[in-house]
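Here's a quick briefing to read alongside the model. Have the viewer open, and jump around as you like.

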Amino acid sequence: MTRARLMSIAALGALVACAAMWAPQADAQLQNEVKIYGGEDEKPVTNAQVVPDEFDVGVGGLVMFRIRADAAGFTAAERARIVDARMVHILSYGDLDAEAVQVVPVRGKPTVYVGDVRLVTIYPSDVEAVGAASMQQLASWWAASVACCLKSVAPWMRVKEMMM
């Protein structure tokens, strides 16, 4: 046999051995796969209007608080999206010191600030959804939770700056 032919047979053998090793994993994957039967036009219709009742506000697996109610003309989902964008800004550029978290009244409503960034305003609908005694009490709870979590979720470079 020629050397090229021997190399081809060896390569083919290695390929078959590798395929045999991966075959059980592929079978397990296929067994756990969600299957939709029928043609492309027979797939089940998904309802894009289904929206969760509550939205977690947090970072890195830590939940700081939950938005459970519509308020000020915004749905809970819209409020959560706005708060999420503000949290990204706070973590990227804001004051991450726990003392920077404070509750300030805005148009008569308690509002949680982190430094000079407004994070969330508390409304009567939030109090009702959570079962707190007052807007001020709920604002204090949310502010305390934000203050507690900030150092845990702050980007490492920002934590070093805070330690200096």
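This is a predicted model: local features need pLDDT of at least 70, side-chain atom pairs count only at pLDDT 80 or more; totals for chains, interfaces and linings use all residues.

Three strands form an open sheet in the order β3-β4-β5, paired antiparallel. Two strands count as paired here if DSSP finds at least two bridges between them, and strands (E, at least two residues) and helices (H or I, at least four) are DSSP runs numbered from the N terminus. Residues are numbered from 1 along each chain as its sequence is written, and side-chain values use heavy atoms, with hydrogens and water left out.

- Strand β4 (residues 109–114) runs antiparallel to β5, and 4 bridges join the two.
- Which residue in β5 is the bridge partner of Thr-111? That would be Thr-121.

**Helices on the sheet**

- Helix α2 (residues 76–93) packs on the sheet and touches β4 and β5, where contact means heavy atoms within 4.5 Å.
- The direction of α2 makes about 150° with that of β5.
- Helix α4 (residues 135–153) lies across β3, β4 and β5, and runs at about 10° to β4.
- With 19 residues, α4 reaches 26 Å from its first C-alpha to its last, close to the 27 Å expected at 1.5 Å a residue; that expected span is 1.5 Å times one less than the number of residues.
- The buried residues of α4 include Leu-138, Ala-139, Trp-142, Val-146 and Leu-150. Buried means under 20% relative accessible area, exposed over 50%, and partly exposed in between (1.4 Å probe, protein chains only).

**An aromatic pair**

- How many aromatic pairs are there? The count comes to 1, using rings of Phe, Tyr and Trp (its six-membered ring) with centres within 6.5 Å; planes under 30 degrees apart are stacked, over 60 edge-to-face, and the rest tilted.
- Phe-65 and Trp-142 make up a stacked pair, at 4.3 Å centre to centre and 15° between the planes.
- The pair links distant parts of the chain, with Phe-65 in strand β2 (residues 62–67) and Trp-142 in helix α4, 77 residues apart.
- Phe-65 is buried at 4% relative accessible area, and Trp-142 is buried too, at 6%.

**Cysteines**

- The disulfide count is 0, with a disulfide taken as a pair of cysteine sulfur atoms within 2.5 Å.
- Cys-148 is in no disulfide, and its nearest cysteine sulfur, from Cys-149, is 5.0 Å away.
- Is Cys-148 buried or exposed? Cys-148 counts as exposed, at 60% relative accessibility, whereas Cys-149 is buried at 9%.

**Single residues worth a click**

- Asp-126 sits in helix α3 (residues 124–130) and counts as buried at 1% relative accessibility.
- Leaving out residues up to four places away in sequence, Asp-126 touches Ala-69, Arg-79, Thr-121, Leu-138 and Trp-142.
- Arg-107, in the loop between β3 and β4, has a positive phi near 50° without being a glycine, and it is exposed at 71% relative accessible area.
- Ala-72 also isn't a glycine, yet has a positive phi of about 55°; look for it in the loop between β2 and α2.
- Val-51 is in the loop between α1 (3–32) and β1 (55–59) and is partly exposed, at 46% relative accessible area.

**The whole chain**

- The chain has 5 helices and 5 strands, following the pattern α-β-β-α-β-β-β-α-α-α along the sequence.
- Of the 164 residues in the chain, 28% are buried.
- Among contacts between residues at least 6 apart in sequence, 47% join residues at least 24 apart.

Terms used. Axes are lines fitted to C-alpha atoms, for helices over the stretch in contact, and angles run from 0 to 180 degrees between N-to-C directions.
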